[in-house]
Amino acid sequence: MISVYICEDAPKQLEQIRKTVNEVIVDNQLDMGLELFCSDPWQLWQEIQDHRPDKAIYILDISLNSDINGIELATKIRSQDVRSKIIFVTTHSELSLLVFKYQIEALDFILKDFPEALYDRFKRALQVAQTRFEADASDTNEYIQVKVGEMVRSINVNDILFFESSPNPHKIVMHLNDGQLEFYGLLKNVPTMNPAFYKCHKSYVVNLSQMSSLDRHMRVITMINGETVLCSLQATRYLAKKFNN
């Protein structure tokens with residue numbers, strides 16, 4: 001089930017949005033449930049930290065009566081979950097430009113000035129959200145998420161060749177089919193990100209699904225794009241046995 005969260009600082013509008021969203025879910029038999037509706041963005045943020053929802057839709061007022069606005073809250077949510085769906089509601093249409101400035105992927109931008117249109121707008125947005133979650137679930141590709149600078153990127157595992165230690169402290173270089181990127185992390189933790197990742201050397205973690213060949217004598221792995229990776233003696237023995245099997 002998809003979890004739905006609402007954050008709106010005006011009590012009457014919060015109740016109106018809650019009621020409308022609940023009607024849309026029930027009327028259209030959507031696979032969703034309203035988990036929390038509140039006026040305090042920090043209450044919502046704490047709820048996210050406590051429960052870490054797997055599939056979530058966030059309906060956020062942009063102008064919250066707090067030290068953080070809806071766009072800043074959405075940015076924090078995006079830093080942890082790039083697949084969540086975010087719907088903004090506001091009475092200030094000009095604030096929609098800030099969504100692009102902060103590079104937040106929003107599913108919809110709904111104006112509260114037209115209450116008679118709220119049902120239809122939420123119906124369309126929630127149906128699209130459910131369709132996209134269903135499409136994600138049917139996608140056989142696997143992804144990992146890494147923070148590059150201030151952005152969280154979702155990377156298809158099949159696009160990753162290998163990882164290596166960076167000359168920059170506490171950083172890792174990820175080698176991809178079409179380039180490379182650097183992010184903060186420890187190489188020893190990379191194998192826990194996906195079963196295909198194997199630490200073959202003190203300085204390398206290889207994607208086993210992207211290996212082309214193994215030279216047991218030179219202890220070198222060749223990837224499908226021709227790049228080579230060093231392999232320890234112990235890892236060479238393990239991989240030789242695995243490939244033979």
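Select Ile59 first. Leaving aside neighbours within four places in sequence, Ile59 is in contact (heavy atoms within 4.5 Å) with Val4, Tyr5, Ile6, Cys7, Ile17, Val21, Ile87, Val89 and Phe122. The model on the screen is predicted, so local features need pLDDT of at least 70 and side-chain atom pairs count only at pLDDT 80 or more, whereas totals for chains, interfaces and linings use all residues. Residues are numbered from 1 along each chain as its sequence is written, and side-chain values use heavy atoms, with hydrogens and water left out.

**The nonpolar cores**

Next, select Val21, Met32, Ile57, Ile59, Ile87, Phe122 and Leu126. Of the 22 residues in the largest nonpolar core, these touch the most other members. A nonpolar core is a set of buried Ala, Val, Leu, Ile, Met, Phe, Trp, Tyr and Cys residues joined through side-chain atoms within 4.5 Å. Buried means under 20% relative accessible area, exposed means over 50%, and partly exposed lies in between (1.4 Å probe, protein chains only).

Which elements each supply at least two residues of this core? They are strand E1 (2-7), H1, strand E3 (56-61), strand E4 (85-90) and helix H5 (118-138). Helices (H or I, at least four residues) and strands (E, at least two) are DSSP runs numbered from the N terminus. H5 gives the most to this core, with six residues. A second, separate core of 21 residues includes Ile62, Leu64, Ala74 and Phe88.

**Helix H1**

Now select residues 11-27, which form helix H1. Its 17 residues reach 24 Å from the first C-alpha to the last, close to the 24 Å expected at 1.5 Å a residue; the expected span is 1.5 Å times one less than the number of residues. Colour Leu14, Ile17, Thr20, Val21, Val24 and Ile25, which are buried in H1. They cover an arc of only 135° around the axis, which puts them on the same side of H1. This arc is that of the directions from the helix axis to the C-beta atoms. Turn to the face away from the buried side to find the exposed residues Pro11, Lys12, Val26 and Asp27.

**Positive phi angles**

Most residues other than glycine have a negative phi. Gln29, which follows H1, has a positive phi near 50°. Arg52, in the loop between helix H2 (41-51) and E3, is not a glycine but has a positive phi of about 45°. Move on to Arg219, in the loop between strand E13 (211-215) and strand E14 (220-223). Its phi is positive, near 55°, and Arg219 is partly exposed, with a relative accessible area of 35%.

**Cysteines**

How many disulfides are there? The count is zero, where a disulfide is a pair of cysteine sulfur atoms within 2.5 Å. Select Cys38, whose nearest cysteine sulfur, that of Cys7, is 4.3 Å away. Cys38 is buried, at 4% relative accessible area.

**Asn207**

Finish at Asn207, in strand E12 (residues 204-207). Is this residue buried or exposed? Asn207 is buried, with a relative accessible area of 0%. Its side chain is joined to that of Ser209 by a polar contact of 2.8 Å. A polar contact is a pair of N or O atoms within 3.5 Å; within protein, one must be able to donate a hydrogen and the other to accept it, and residues adjacent in sequence count only if both atoms are side-chain atoms. Not counting residues up to four places away in sequence, Asn207 touches Val157, Ile160, Leu161, Phe162, Ala196, Phe197 and Met223.
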